[in-house]
Amino acid sequence: MVMVERVVQALPEMEPEDFKVLRALELEMRRHDWVPFDRLLERTGLDEKELGYRLSRLDRWDMVVRTRRQTVGYLGYQLRPEGYDALALRALVDQGVLEGLGPEIGVGKEADVYLGISPKGAQLAVKFNRIGRTSYTKIKRYREYVKDKRHISWLYVNRLTAEREFEALLHLYPEGVSVPRPVAQNRHVLVMERFEGRELAETRVENPEAVLNRVLEEYEHALEVGVVHGDLSQFNIVVEGDDVLLIDWAHWVEVSHPSARELVERDVRNVCDYFRRKYGVHRHPREFFENSG
Ligand SMILES: Nc1ncnc2c1ncn2[C@@H]1O[C@H](COP(=O)(O)OP(=O)(O)OP(=O)(O)O)[C@@H](O)[C@H]1O
Ligand SMILES: [Mg+2]
């Protein structure tokens, strides 16, 4: 379990040299599974004693992990998710996006969402992507995006996921599609406006027909903007009164993507099935296709 709370506690104690080492590790992990101590010496320009000191501090905060010499044949280090969190949070603070972090407000399949506070005191949602936290096999699903890379790291996959979701929100929000307002993205972290509503799965709506209509309207609106959600379900729809918000756009594809049609059918079917089972509202997915053309 990644402890963002511990990262937040460590941040005020961290010095520029600590970040220098984290950044060097981040870069070198593109090429090495275990980054040799000697590469870090070169990359950071620190002397051996200083680098050793920095690495032991980072190790104490669980931001790095060290190999045993026996396993890989040399002394090497890896960045851990806590170290990646520290880099992203520091950058977001320096950019004036974030001032503080509050409690956890959501846990998804592959992400943790925390309350964030902006320098002006506004409430934000800060989504940390955690793909691969349970197993490496999940990372393999992302081969499609990374086939040109020799080495698929969780760093890369999680950053790519945050970038993609941010990109989707940047397309959708300005067109008026009902999605959270995007604020910023750094590495594997996406910052957006915080919403108050609850997941469809956790609530009982008073007017299911109206809610279903709103969901399909917004879904179609996204298609007009050229974006297929690709992971639509009662867990990724938020209800606020009779209004809805479509969230979790990490798996989107463009309408021209070869799988687009299939994904649209699955998304619409998921939603129609859910409303039929839970509320007895009968809407055939075919109606959606007839209306939306
Ligand atoms: N902007 C937000 N404001 C308030 N709560 C949010 C916000 N975004 C997400 N949440 C909460 O966090 C939960 C998880 O978010 P989300 O669905 O985006 O992640 P996920 O299911 O892990 O995503 P992914 O499929 O990308 O790994 C949501 O269901 C919701 O309860
Ligand atoms: Mg979700």
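**Close-up 1. Strands β2 and β3 pair antiparallel in a predicted model.** Three bridges join β2 to strand β3 (residues 76–79), and the two run antiparallel. Strands (E, at least two residues) and helices (H or I, at least four) are DSSP runs, numbered from the N terminus. Two strands count as paired if DSSP finds at least two bridges between them. Val65 has Gln78 in β3 as its bridge partner. The open sheet holds three strands, in the order β1-β3-β2, with antiparallel pairing. β1 (35–36) and β2 (64–66) are the edge strands; each has a single partner, so one side of each lacks a neighbour in the sheet. Helix α2 (residues 16–28) lies across β1, β2 and β3, at about 95 degrees to β3. Axes are lines fitted to C-alpha atoms, for helices over the stretch in contact, and angles run from 0 to 180 degrees between N-to-C directions.

This is a predicted model: local features need pLDDT of at least 70, side-chain atom pairs count only at pLDDT 80 or more, and totals for chains, interfaces and linings use all residues. Residues are numbered from 1 along each chain as its sequence is written, chains are lettered from A and ligands numbered from 1 in the order in which they are written, and side-chain values use heavy atoms, with hydrogens and water left out.

Close-up 2. Buried means under 20% relative accessible area, exposed over 50%, and partly exposed in between (1.4 Å probe, protein chains only). Contact means heavy atoms within 4.5 Å.

**Close-up 3. Helix α6 is largely enclosed by the rest of the structure**. Ten of its 14 residues are buried. Among them are Tyr84, Leu87, Leu89 and Leu92. Glu82 and Asp85 are also buried. At 1.5 Å a residue, the 14 residues of α6 (residues 81–94) should span 20 Å; the end C-alpha atoms are 20 Å apart, which agrees. The expected span is 1.5 Å times one less than the number of residues. Gly96 follows α6 and has a positive phi, near 75 degrees.

**Close-up 4. Helices α10 and α11 pack against each other**. α10 (residues 208–225) and α11 (residues 260–279) make an angle of about 175 degrees, and their axes are 11 Å apart. That makes α10 roughly antiparallel to α11. Angles under 35 degrees count as roughly parallel, over 145 as roughly antiparallel, 65 to 115 as roughly perpendicular and the rest as oblique. On the α10 side, the meeting residues include Val211, Val215 and Tyr219. On the α11 side, they include Val264, Val268 and Phe275.

**Close-up 5. Strand β11 pairs with β9 and with β12**. Two bridges join β9 (residues 198–199) to β11, running antiparallel. Glu199 stands opposite Val238 in β11. Four bridges join β11 to β12, also running antiparallel. Ile237 has Leu246 in β12 as its bridge partner. β11 and β12 form a hairpin with two residues between them. Gly241, in the turn, has a positive phi of about 65 degrees.

**Close-up 6. Asn236 and Asp248 coordinate the magnesium ion (ligand 2)**. The donors are Asn236 (OD1) and Asp248 (OD), at 2.3 Å. Asn236 sits in the loop between β10 (227–228) and β11 (237–240), and Asp248 in the loop between β12 (243–246) and β13 (253–254), so the pair ties together parts that are twelve residues apart in sequence. Donors are N, O and S atoms within 2.8 Å of the metal (3.2 Å for Na, K and Ca); water is not among the atoms, so sites may look incomplete. Asn236 is buried, at 6% relative accessible area. Asp248 is buried too, at 16%.
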